[in-house]
Every structure is written in structure tokens, then in C-alpha cells.
Amino acid sequence: PKGLMIGMHGGGVGSGDAHASAGAMKSAGKELGWLSIFPEVIEKTEHGWTDSGTEEWVMQLIDMAIATYEIDPDHIYLSGHSMGGYGSWTLGAHHADRIAAIAPSAGAPSPVYNYDGEIIEIQSGVVPNLRNLPAVVFQSTDDPRVPADANQAAVKIVEQMKKRWGGYENFKYWEVHDRGHGYPEGGMISLLSKIKDFKRDVHPKKIVWQPTLEWKKQFYWLNWPSPRLEAILIAEFNEENNSFDIQSDANLSGLEIMLSPDMVAIDKEVTVSLNGKEILKHMPKPNLGCLLKHYSHADSNRIYADKITLP
């Protein structure tokens, strides 16, 4: 297959099944040359895709599909409608380092409202993590089930973060006014075709990470054995100086910077700065132990020869 698509169904408390997402997206996936898998949430709750157990299981499905069908791990796509749109937003953000692109339809990350009914923020761990992940988000303003305000608020936050951190070049918001809670005109192929040419950036030079899962310890070339949940890290690699700069208010002791020969000059000294202050220099020593510890057959395009551990 040219890629793998995880198609996420809609629903909610006590409702929703994989047949709906398969019916809406199976033919589109076939047309695009993808292997399509349509899982069903383990427990049918309001946020079924991010429930403990279901999210881990979806990522295991991806790993097994890559191994079974010899799929390029740089071509993994998430999409879904309604609650499945929420699922592709959130799982895409949590695992942006594993995904090529997302295409949510009529679904949004969970908003936080004030007493006046105004959206004041979007759930943690979503917008910051999407800095390097291509996304096309579909929303109709006359949707009676998923009001447009949640996606509109998320888009505003994306624009704020873009000014703050840069990135988000391939984030697109597709808003229409006459589809209700339905699919885009022409069906899901019209949405999925907008992401089909994206390939994962395995080693982006700048990443932003806001961990929200204790078991999600690696994000691109950062590995955090004990992640501080909801902390925000901004990490940037300067190729000219072979140096890393990390920005965060959190205690980053134990954070590991993984050194890939595809990004870092392994034969030169590496400098690390924390919040603008140089804290260490490291001469890489490629070793088999590091390679084996972080090698995964399901993500064989990520190889790390050495690592730096922050004091």
C-alpha cells in the first residue's frame, strides 16, 4: 500500500460503530492506494478515542499494520467524522511524530467554556503538538450537532501559536455553510485527497511538545522517561552550530535528546542550551545499545546513534 489510513467512527455515549466509518471512507482509501483500517472504540463514551486502552490499542494497530503490510511509516494518516474528527485531531496531536497528516471532518478538540458560554481555551496537548503536522479540517457552520465554534476557536489558537513559534505551514481550515453534520460535498475522497501527498517530517529542526499522556515518552527526537504533563517544551536544532536550544519552565532533568545521523553531525561536538544558557557539550559516541533501545521495526525510519541526557 502507498500508505495507511486509520478511519475513526463517530458516535458518543453508547453509540457509534466501525461500519459507519468504513462505509464513508473505504472506497476513498482504496482510490488513494491506502490500506484502510476502521477500528471501533473499546468503550462507547463521549471521548472514546482518547479513553485509556483505546488510544494505546489504535497505536498498536498502526505498528502491526506497518509490520504486516510493509507500509512506509512516513505515510500514516488519521481521519474521521464527528467524534472521529475529534479522534483524528487529538490522536494526531498526541502522536504527531508518528503521523504524516490528519483530516478531521465535523469534529473538533474539546473546548473549555466560561460561565458566559464563551470558549476560553482548547484542551491541552493538541495545538502545540501540531506545529509540524499537516492537517485539513472540514467544518460546516450550520452543523447542528458539532457547532463550528470549537473548530473556529482551535483555528484562532493555531494562528496565535504560529505567530509565537512559527510552523503550521500545512494547517488548512476548510469551512462551508451548507452541509449540516454531513460529509464534504463529493464525500470523504474530497477531503482525503487534500492530504494524500504529505509525508512525515521525521526529524524537524524545531518541535513543540505538550505531553498529556504518561505512557507517551518520545516525541520526535526528544525522549522524556518521566514527562511533566501539560508542560510545554520548545526544542530547536541549529544545523550550522550543531547545537540544541531547549525552552521550558518545567524541570527537564532526565530529558533525553536523541541524536540521529540524519540530522546531527555525529563526528562533531554538540552543544545544548537551556532557556538561553549553555549547560553542556557532548561529543557523540555512536553505540549499539542506544541504537537497539530506540529502534522499532514499526518506525524503522527513526534511528538514533547516541543520546544526550539533561542533568
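User: Let's start with aspartate 97: buried or exposed?

Analyst: Aspartate 97 is buried, at a relative accessible area of 0%. Buried means under 20% relative accessible area, exposed means over 50%, and partly exposed is in between, using a 1.4 Å probe and protein chains only. Lysine 216 is buried too, with 10%. Before we go on: this is a predicted model, where local features need pLDDT of at least 70 and side-chain atom pairs count only at pLDDT 80 or more, while totals for chains, interfaces and linings use all residues. Residues are numbered from 1 along each chain as its sequence is written, and side-chain values use heavy atoms, leaving out hydrogens and water.

User: How do I read a salt bridge, and how many does the structure hold?

Analyst: Side chains of opposite charge can pair when their charged atoms come close. The cut-off is a side-chain nitrogen of Lys or Arg within 4 Å of a carboxyl oxygen of Asp or Glu. The structure holds 11 of them. In one, lysine 216 meets aspartate 97 at 2.9 Å, N to O. That pair links distant parts of the chain, 119 residues apart: lysine 216 is in the loop between β9 and β10, and aspartate 97 in the loop between α3 and β4. Salt bridges that share partners join Asp63, Asp74, Asp97, Arg98, Arg200, Lys216, Asp299 and Arg302 into one network.

User: What about glutamate 40: which residue does it form a salt bridge with?

Analyst: Lysine 44, with the closest N and O atoms 3.3 Å apart. Glutamate 40 is partly exposed at 29%, and lysine 44 also counts as partly exposed, at 30%.

User: How should I read helix α3?

Analyst: Helices are DSSP runs of H or I with at least four residues, strands are runs of E with at least two, and both are numbered from the N terminus. For length, the expected span is 1.5 Å times one less than the number of residues. With 12 residues (83–94), α3 should span 16 Å, and its end C-alpha atoms are 16 Å apart, which agrees.
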